[in-house]
Amino acid sequence: MISEIAIFEASESNIDLSKLDSPFKATLEQHLKTVLTFDGAQAAYYGQVIEKPHIVIVFVNWDNIDSHVKATQSAKFPAHESSFRSKLVKDDGPATVFHVPFKENMLDALQPKTSSGTIGDTEIVFAHFQPSPLPQAAKDAILESFSHVEPFIQRHGGLTGYRNGWAVESLNTPLLEKADEGKGKCDVYVNLTGWDKVKTHVKFMETQDFKDNQHWFMGVEGLRGAEIVHARFYQV
């Protein structure tokens, strides 16, 4: 399984994807239902960035990257893409699209279930590394460093899901905002952490444990920047 990730600025201002009567939400779900009719498409999720509510992130799980490529080459795809961009993306602009081979389905990280059964919030980290492409040995060393992070998070509770992986493509960064002077092509590590609520994550970052252990992430060689945001995702 591989996950397609699409990031774009919404065509409308003041969208609220938590509202069931949101016209934008209805249109987005309609288009994602079309995506799920393509061979190889398994599931679709969408969310609105809490810190940047004009930014929408979509995840689509595919059997493999070839399934997605074949879908984009199908006869019905151009009309779908044109409609998606004209109705959902600001100024009909393109979305930033890339792929991440998460080791497992991200359902528990994208729709984290709290002890009360409600849906929690997902922390999303896009970490940028150079030079790009990184040798595999360097990626393995970075993942080894990051492997120290999850255990000390779990000590504080509120963690409901965890997934990570490297983007297949080298990407221009930053990903969530357009920048006149970006960092250029970077290898991007994507981490999804499900929390029972954003406040739990914020409170955790104020602990001494976090301060003592953040070097496992912020101190790794080659790190050029990181975008850290939260979103609540919905499954189509």
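This is a predicted model: local features need pLDDT of at least 70, side-chain atom pairs count only at pLDDT 80 or more; totals for chains, interfaces and linings use all residues.
How many aromatic pairs does the structure hold? It holds 13 of them, where rings of Phe, Tyr and Trp (for Trp, its six-membered ring) are taken to pair if their centres lie within 6.5 Å, and where planes under 30 degrees apart count as stacked, over 60 as edge-to-face and the rest as tilted. Residues are numbered from 1 along each chain as its sequence is written, and side-chain values use heavy atoms, with hydrogens and water left out.

Let me begin with the rings. A pair of aromatic rings is described by the distance of the centres and the angle of the planes. For Phe129 and Phe146 the centres are 6.4 Å apart and the planes stand at 55 degrees, so this pair is tilted. Phe129 belongs to strand 5 (residues 121-129) and Phe146 to helix 5 (residues 136-146), so the pair ties together parts that are 17 residues apart in sequence; helices (H or I, at least four residues) and strands (E, at least two) are DSSP runs, numbered from the N terminus. Phe129 is buried, with a relative accessible area of 0%, and Phe146 is buried as well, at 3%, where buried means under 20% relative accessible area, exposed means over 50% and partly exposed lies in between, with a 1.4 Å probe and protein chains only. In the pair of Phe204 and Phe210 the ring centres are 5.4 Å apart and the planes are at 75 degrees, so that pair is edge-to-face, and both of these residues are buried. Ring pairs also link Phe129, Phe146, Trp166, Tyr189 and Phe217 into a cluster.

Lys25 lies over the face of Tyr234, at 4.0 Å from the ring centre, and Lys76 lies over the face of Phe38, at 4.6 Å.

Next, strand 1. This strand, residues 2-9, is mostly covered, with seven of its eight residues buried. Strand 1 pairs in the antiparallel sense with strand 3 (residues 55-62) over eight bridges, and with strand 4 (residues 96-100), again in the antiparallel sense, over five bridges; two strands pair if DSSP finds at least two bridges between them. On the strand 3 side, Ile7 stands opposite Ile57, and on the strand 4 side, Glu4 stands opposite His99.

Of its 20 lining residues, the closest to the centre are Pro94, Thr96, Leu175, Glu177 and Lys178.

The second largest pocket holds about 370 Å³ of space and is lined by 20 residues, of which Glu4, Phe77, His80, Phe84 and Val97 lie nearest its centre. Helix 3 supplies the largest share of that lining, five residues.

Finally, some backbone details. A cis peptide bond joins Gln130 and Pro131, with omega about 0 degrees, and Pro131 is placed in the loop between strand 5 and helix 5. The bond from Thr173 to Pro174 is cis too, with omega near 5 degrees, and Pro174 is in the loop between strand 7 and strand 8. In the loop between helix 3 and strand 4 lies Asp91, whose phi is near 55 degrees, a positive value in a residue other than glycine. Asp91 counts as exposed at 70% relative accessibility. Asp92, in the loop between helix 3 and strand 4, has a positive phi of about 60 degrees although it is not a glycine, and Asp92 counts as partly exposed at 40%.

Key:
A charge sits over a ring if NZ of Lys or CZ of Arg is within 6 Å of the ring centre and within 35 degrees of the ring normal. On a 1 Å grid over the protein atoms alone, a cavity is a set of points where a 1.4 Å probe fits but cannot get out, and a pocket is an open set with protein on both sides within 12 Å along at least five of seven lines; lining residues have an atom within 4 Å of a point. Grid points are joined across faces, edges and corners, and a volume is the space filled by probe spheres set on the points.
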